[in-house]
Amino acid sequence: MEIRHFDDLLRSARAMPDAQQLLFVFAGAELPAGATAQQRADFDAGHGGELAPMMCVDKSAAELQSFDALAAEAAMAGPAWAIVFSAALSGRGAQAPSAGDVDAALQKMVESIKAGRIDGLLPFDRAGAPVRLG
């Protein structure tokens with residue numbers, strides 16, 4: 001299935017035979033340590049910077065209604081974000097993954113984003129459109 005919007009991801013997760021726990025890491029842009037004057041000027045103009053994880057959450061495919069619902073919840077829970085990285089963790093049949101497995105997967109996502117390793121993650125912008133990075 002081609003993912004043209006975040007809601008396509010939801011439909012795909014709901015169609016899987018095993019329970020799916022969707023994992024999200026919201027990231028914002030910030031200046032890198034030791035930024036040059038030009039990098040600061042670019043950043044102040046709304047360009048450049050690096051992505052920094054700000055908050056994360058997991059939701060079952062059944063409990064999340066839409067991208068708009070996720071974005072509204074994120075707006076109430078934390079600071080403004082620029083991009084949300086997503087992944088799915090499969091359970092077994094109707095059994096969802098364990099809380100420990102979910103926590104470990106979210107931590108791995110955060111560490112991967114910090115290191116710039118985003119292979120296997122689906123990034124979306126604030127409108128729910130897929131983002132191509134790199």
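Modeller: One term to start with: a residue is called buried when its relative accessible area is under 20%, exposed when over 50%, and partly exposed in between. Please keep in mind that this is a predicted model.

Colleague: Thanks! Is Lys-59 buried or exposed?
Modeller: The cut-off for buried is under 20% relative accessible area. Lys-59 has a relative accessible area of 12%, so Lys-59 counts as buried.

Colleague: Which side chain does Lys-59 meet in a salt bridge?
Modeller: A salt bridge asks for a side-chain nitrogen of Lys or Arg within 4 Å of a carboxyl oxygen of Asp or Glu. For Lys-59 the N to O distance is 2.9 Å, and the partner is Glu-73. The two sit in distant parts of the chain, 14 residues apart, with Lys-59 in strand β2 (residues 50-60) and its partner in helix α3 (residues 67-77).

Colleague: Are Glu-2 and Arg-4 buried or exposed?
Modeller: The word exposed needs a relative accessible area over 50%. Glu-2 passes that mark and so does Arg-4, which makes both of them exposed.

Colleague: What separates Asp-8 and Arg-11 along helix α1?
Modeller: Asp-8 is buried at 11% relative accessible area, whereas Arg-11 is partly exposed at 45%. Both belong to helix α1 (residues 6-15). Because they are three residues apart there, the separation is about one helical turn.

Colleague: Now the sheet: which strands are at its edges?
Modeller: Four strands form an open sheet with antiparallel pairing, in the order β2-β1-β3-β4. An edge strand pairs on one side only, and that holds for β2 and β4 (122-124).

Colleague: Which residue in β2 is the bridge partner of Val-25?
Modeller: Strand β1 (residues 20-30) pairs with β2 in the antiparallel sense over 10 bridges. For Val-25, the bridge partner in β2 is Cys-56.

Colleague: And at what angle does α3 run to β2?
Modeller: Helix α3, which holds Glu-73, lies across β1, β2 and β3 (83-90). Its direction relative to β2 is about 120 degrees.

Conventions. Residues are numbered from 1 along each chain as its sequence is written. This is a predicted model: local features need pLDDT of at least 70, side-chain atom pairs count only at pLDDT 80 or more; totals for chains, interfaces and linings use all residues. Side-chain values use heavy atoms; hydrogens and water are left out. Buried means under 20% relative accessible area, exposed over 50%, partly exposed in between (1.4 Å probe, protein chains only). Two strands pair if DSSP finds at least two bridges between them. Contact means heavy atoms within 4.5 Å. Axes are lines fitted to C-alpha atoms, for helices over the stretch in contact, and angles run from 0 to 180 degrees between N-to-C directions.
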